[in-house]
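Here are my notes on the model. Please read them with the structure open.

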Amino acid sequence: DLAGSLLGMVDGHRDSSEPEPVTESDPFEFDFPAGCTMELGLHTRKPVDLISDLGRSSLEIEGMLIGRAGRLFPEGTIVLNGGRVSLPGSTLTWRQGVLLLPKGGGTPTIEALGTTRLSGHDVTMRVHGTLDAPVLDLNSTPQLPDYDILILLLTGELPQGRDWSKTTGSLS
């Protein structure tokens with residue numbers, strides 16, 4: 001449910017009656033033998049290309065893979081170089097981004113900025129916060145409400161009046 005997920009990420013618009021999404025255990029948790037310690041450097045010599053049907057970018061890694069106290073976790077920084085992300089109604093160009101993997105494990109945080117131009121509007125999307133609950137800040141010039149910007153990004157069309165059912169019908 002891409003549309004529902006993005007709507008829930010828009011700052012201040014999460015429906016409090018909806019339960020928080022169920023998440024699996026930390027993908028970096030492993031049974032690492034207690035009493036053992038490991039530190040493995042993670043560094044890219046050149047950017048690693050990421051290519052999928054949803055987008056294209058590259059990343060650079062500077063960090064460590066730590067095994068300690070019976071668990072394995074990454075620490076460091078992943079830099080997201082410029083690229084493109086395809087949404088159902090638009091393509092965002094990402095100028096910059098960073099994923100921070102905190103010392104001692106914990107939830108990674110993201111900070112990324114994407115832009116596009118649609119229907120005479122320059123749109124900026126900032127994704128920030130923890131990876132398990134990121135927040136979207138949406139802005140446009142000329143200015144539109146957040147939901148209108150999101151509908152524009154998802155469908156490529158501005159909502160017609162306030163009857164979003166016509167515009168969002170293309171997402172089904």
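1. Surface. The chain exposes about 10500 Å². Carbon and sulfur atoms supply 55% of that area. Keep in mind that this is a predicted model. Buried residues make up 33% of the 172 residues.

2. Fold. The chain holds 3 helices and 9 strands. In sequence order the pattern is α-β-β-β-β-β-β-β-β-β-α-α. Of the contacts with a separation of 6 or more, 38% join residues 24 or more positions apart.

3. Core. The largest nonpolar core has 21 residues. Those touching the most other members are L92, W94, M125, V127, L138, I149 and L153. At least two residues each come from strand 6 (90-101), strand 7 (109-118), strand 8 (121-130), strand 9 (135-141) and helix 2 (146-155). Helix 2 gives the most, with 5 residues.

4. M125. What does M125 contact beyond its neighbours within four places in sequence? Its partners include L87, L92, W94, A112, L136, L138 and L153.

5. E111 and R126 pair at 2.6 Å, N to O. This pair links strand 7 to strand 8, 15 residues apart. D137 also bridges to R126, with the closest N and O atoms 3.1 Å apart. Here D137 lies in strand 9 and R126 in strand 8, 11 residues apart. E111 is partly exposed at 34% relative accessible area, and R126 is partly exposed at 31%.

6. The D122 pair. D122 and R117 meet in a salt bridge at 2.9 Å, N to O. D122 is partly exposed, at 38% relative accessibility. R117 is exposed, at 52%.

Definitions and conventions:
Residues are numbered from 1 along each chain as its sequence is written. This is a predicted model: local features need pLDDT of at least 70, side-chain atom pairs count only at pLDDT 80 or more; totals for chains, interfaces and linings use all residues. Side-chain values use heavy atoms; hydrogens and water are left out. Helices (H or I, at least four residues) and strands (E, at least two) are DSSP runs, numbered from the N terminus. Buried means under 20% relative accessible area, exposed over 50%, partly exposed in between (1.4 Å probe, protein chains only). Contact means heavy atoms within 4.5 Å. Accessible areas come from the Shrake-Rupley method with a 1.4 Å probe; for residues, only the protein chains shown count as cover. A nonpolar core is a set of buried Ala, Val, Leu, Ile, Met, Phe, Trp, Tyr and Cys residues joined through side-chain atoms within 4.5 Å. A salt bridge is a side-chain nitrogen of Lys or Arg within 4 Å of a carboxyl oxygen of Asp or Glu.
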